[in-house]
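Work through the exercises below with the sequence and the structure in view. Each task is followed by a solution in steps.

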Amino acid sequence: MHRMLLCGFAVLVCACSVSAQPVPARDLWEFPLGAILEPAALASEPGAGLWNPAGTALRPSERMRFGVASLSTGVQQGVNGQLLSASLRRADGTTWGLSVARSSVAGIVRTDSDPQSLGDISYASLLISASAARTLVPHVTAGLAMRWREGRADQAVNTAIAADVGVVLHDLPWRHARVALSSFLWRPGREIEDRPAFVAALDARVAGDAASRELRLGFSQNNVNRGARERGPFVAGRLARLEARAAVVRTAAGAESTTRVRSGLAVYYARYVVGVAREEGISGLGPVYQFTLSSILKE
């Protein structure tokens, strides 16, 4: 873990000098890929730890985890996202993870002096993340992620390296509470142009006596530097193999603000978790739909 932190520091230093221009399509990472069922800081259903590298960590009884997620606005001109991830817990207690995520906008038509279509304009971003996480002391898990991002906007293409740190306080004595904090797409010295995000969430068990039989209430907040800020309460209830979740999210960008609802179901069967979620559409977009599948291999 100490070697991981030293490598992370080196990448942070290098990230300051890689790519002098902002990377296109940064706004695509304001869509909650893999994080509609859960708040971003606590999201783990696709098995990625995409938004919080500390979420990559596996429990001592778990060996490997695989996950996929797909997000779509379901309209002709809308956002689509895909996520593929894998993680492995080593004998020393460190979990290593790798994820590949892509987000794009379809149906942006290129025109000239008349309305005749000349083809589509590419607007997409690819994000590859390598992460490591482990429990440092009881109830405290920390993680670090190194990220390579490519953004495309028509003919403009650029890349950048970012490094993020995250922490999760879990299984706390008071109502099995959890507190999670993380940065996302942080490039030191480039905060104004590249707009890193800060994600946070907390929740606690208000009813039930086990992880498979409980009701949890919480609050989440995600802030993008010089961008959207969202916050709101969420609830999650699980009974055996079925879990239902819902959140009310208020998003503010400049002088405008909107409120929307996220909801979904997750089904636990053997070593698989299947999730389906929906977020109300805003800004002329249709509703956002998400499908997730994760699998855990135990010792």
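**Exercise 1.** Find what joins the side chains of aspartate 171 and arginine 59, and state where the two residues lie.

Solution. Step 1: the two side chains meet in a salt bridge, with 3.9 Å from N to O. A salt bridge here is a side-chain nitrogen of Lys or Arg within 4 Å of a carboxyl oxygen of Asp or Glu.
Step 2: aspartate 171 sits in the loop between strands S8 (156-169) and S9 (178-184), and arginine 59 in the loop between helix H1 (2-15) and strand S1 (62-72), so the pair ties together parts 112 residues apart in sequence. Helices (H or I, at least four residues) and strands (E, at least two) are DSSP runs, numbered from the N terminus.
Step 3: aspartate 171 is partly exposed at 31% relative accessible area, while arginine 59 is exposed at 51%. Buried means under 20%, exposed over 50%, partly exposed in between (1.4 Å probe, protein chains only).

The model is predicted: local features need pLDDT of at least 70 and side-chain atom pairs 80 or more, while totals for chains, interfaces and linings use all residues. Residues are numbered from 1 along each chain as its sequence is written, and side-chain values use heavy atoms, without hydrogens and water.

**Exercise 2.** Are aspartate 203 and arginine 216 buried or exposed, and which network do they belong to?

Solution. Step 1: their side chains form a salt bridge of 3.1 Å, N to O. Step 2: aspartate 203 is in strand S10 (residues 197-210) and arginine 216 in strand S11 (residues 213-224). Step 3: both residues are buried. Step 4: salt bridges with shared partners connect Arg178, Asp203, Arg205, Glu214 and Arg216 in one network.
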